[in-house]
Amino acid sequence: MHPTNISYIRQTQADYPYQFKSLLGIMSASKNNKWRLTMRSASRWLPAVARTTGIILLTILIVFAVFRATAPFLISSGLVRSGIEKALSDWTGYRAQIEGDPTLEFWPTPRVTLNQVTIREPSRNGKVLGHVDSLSADFSLWSAIRGHAHFHEFHFLRPILYIRRDENGLIDWTNEGRLSKAIEQAETSSGQGMRMSKEQDAAIGMLTIEDGSVEMTDERSGSIYKLNAVNADIAWPRLSQSLSAVILARFNGQDIKLNFDSTQPLLFFAGKNVNTTTSFVSPLISWTYTGITSISDFSALSGNLDLSVPNVPSFIAWSGQHLPAADALKNISLSANIAAIDNGLRFNNLSFKVNDSAASGIMDLNYTKSGKPKISGTLAFDQMNLNPFLAAFSMRLAAETAIDALLNGNPLQRLDLDMRLSSSKAALGPFQFENIGASLLVAGGKAKFDIGDSSFESGSLTAHLEVAPGDFDGGGKLQISIRNADFGGLFTRLKLVGPLPMPSSASLDLSLSTSKPIWVATLSDVAGTLHFTSSAGSFRQFDISTFRTLAAEKAFFRMSDIADSSFDFDSISVDASFAKGSAEVQNAAIAGRNETISFNGVVPFRTNGLALSGALEATSPSDADELPMLPFFIGGSWPNPVISPVATLLQKPMQQP
């Protein structure tokens, strides 16, 4: 409003107060008349709606209050008890017995609690299939008043369940009960879908298990598996709908967690192939699987699998098995896409890790014509420790374990392997390899590990390890062939002490065998042969001039007394045989430019001892007068044995004219 108008109104109000108030009264009366007209129009319909709504709400409240107040008097506890007994019997197909009196609650929802519930076989003294200390369930109040009991949202306190897995791998869920019939209908339905009538599609709701236990008898393996401290939440709205379960339990002293989700649970229980998501978590093994699975046939798997075993020795002990030399395996993990193939599974895009060695490749799991499972494939490692693979030959299960009963013997007899392995770097204890190509074969009662080609100490290496048949207790054999390797560098890197040859290039052929199981065999049980040759090099800590001087002056002296310098040689040749914990050296010769050392004798492994007789003579017969033959004997412990020269010269046999 303009300031001039405001001043005018204020002046008018001061000069003519009575007239101004009259004017305001007229304006106010006009507004009130309009409001009364509006309210009078609304009052024609508002009271009718309000009264009707109020009456309806009040009626509902009165009916609800009366219904709640009279429900305990209208509903018989015996009806609820017999109803839940009938419901349990109908669902399971067995006879349900309730010892305790039911307890009814009507707020906030109608709920019944029963104590000491037992499920038995139909016969009079039938076997107990389950027992529940306390069972609670919600029920329909209106249905109960009409004489019918419908239950949902079950809570089981300290249940004990006994189940059986038959020879076909299926669970004996019920005995012609409602659940069994639904599963049977799913099993006989065509395709992966199934139709279910409204009467058959029963409501289940949420099932909660608190402090329960499960005991499963596997007739296929003869084993019994027990779960304790079971706590679970299972969401299954209706039989035809999805199932989601979270289960916490304790198995063999370890806490485990299992998550399971399926959109077709009845088909899954019927042993058909369905899509599921499953995860298993424990301190010793964890895995997650998403894809097609079957409770009766694991060869139907098709999906993604991630598996991790962070502590292999602890996992083996937890699973009730015994694997000698299992300490070589620290941890294992793998990730793969699983696809079904003829008579088996294929692991595509496989990422595999053993200890600190990672590999990728492809692997198949199928069955031979005789029904024996077989694993085959190709794995490429960035670096590989051969110890775990050789430890696989030590696999022998302890007697009378659950897995032993399952396999009925050694797993190497129950499983075929055909694996090809490659790695840019590999290690076997202190030995290093490069660009290795190997294979692992277990078939026909034999186990073989071959290194077909490998770079070893600037040379090449091939090897063959074979475990003999006879329950794999018949022993085994090892063959190694090394060509043009730097043994001098190897001896230096291994920090071997004492006088040793240091050739720049040498070759070795080693063949060993044992008649005892290789996982218990010691050096005393090994027999075999060795052939070693080398090119030029030096024999460290062996002064040949001092050797001749001391041999002429003393009856005895130690190897350390001649360790001031080295003996240069042109070649070495050694033949030896092994038996009963000792090596018998034959035809050993270290040929230098002027003199040659030859020796033979026995080297006991267990005592690091030596018992060798030898001779030092001129390499060329023309130098025999200047460098006469010097026989000697070496005895004592390595690396500082005692040398004793022989008093008389050995006479060479006279040559025939």
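Accessible areas here come from the Shrake-Rupley method with a 1.4 Å probe, and for residues only the protein chains shown count as cover.

**View 1. The whole chain, seen by its surface and make-up.** This is a predicted model, where local features need pLDDT of at least 70, side-chain atom pairs count only at pLDDT 80 or more, and totals for chains, interfaces and linings use all residues. Residues are numbered from 1 along each chain as its sequence is written, and side-chain values use heavy atoms, with hydrogens and water left out. The protein chain's accessible surface is about 36000 Å², and carbon and sulfur atoms own 57% of that. Of its 657 residues, 38% count as buried (under 20% relative accessible area, 1.4 Å probe, protein chains only).

View 2. D364 sits in strand β15, residues 357-367 (strands are DSSP runs of E, at least two residues, numbered from the N terminus). With a relative accessible area of 14%, D364 is buried. Its side chain meets that of R346 in a polar contact of 2.7 Å (a pair of N or O atoms within 3.5 Å, one able to donate a hydrogen and the other to accept it; residues adjacent in sequence count only if both atoms are side-chain atoms). Beyond four places in sequence, D364 also has I341 and K374 among its contacts (heavy atoms within 4.5 Å).

**View 3. Nonpolar cores.** F487, F542 and F547 touch the most other members of the 80-residue largest nonpolar core (buried Ala, Val, Leu, Ile, Met, Phe, Trp, Tyr and Cys joined through side-chain atoms within 4.5 Å). A second, separate core of 42 residues includes Y94 and L129.

Notes:
Helices (H or I, at least four residues) and strands (E, at least two) are DSSP runs, numbered from the N terminus. Buried means under 20% relative accessible area, exposed over 50%, partly exposed in between (1.4 Å probe, protein chains only).
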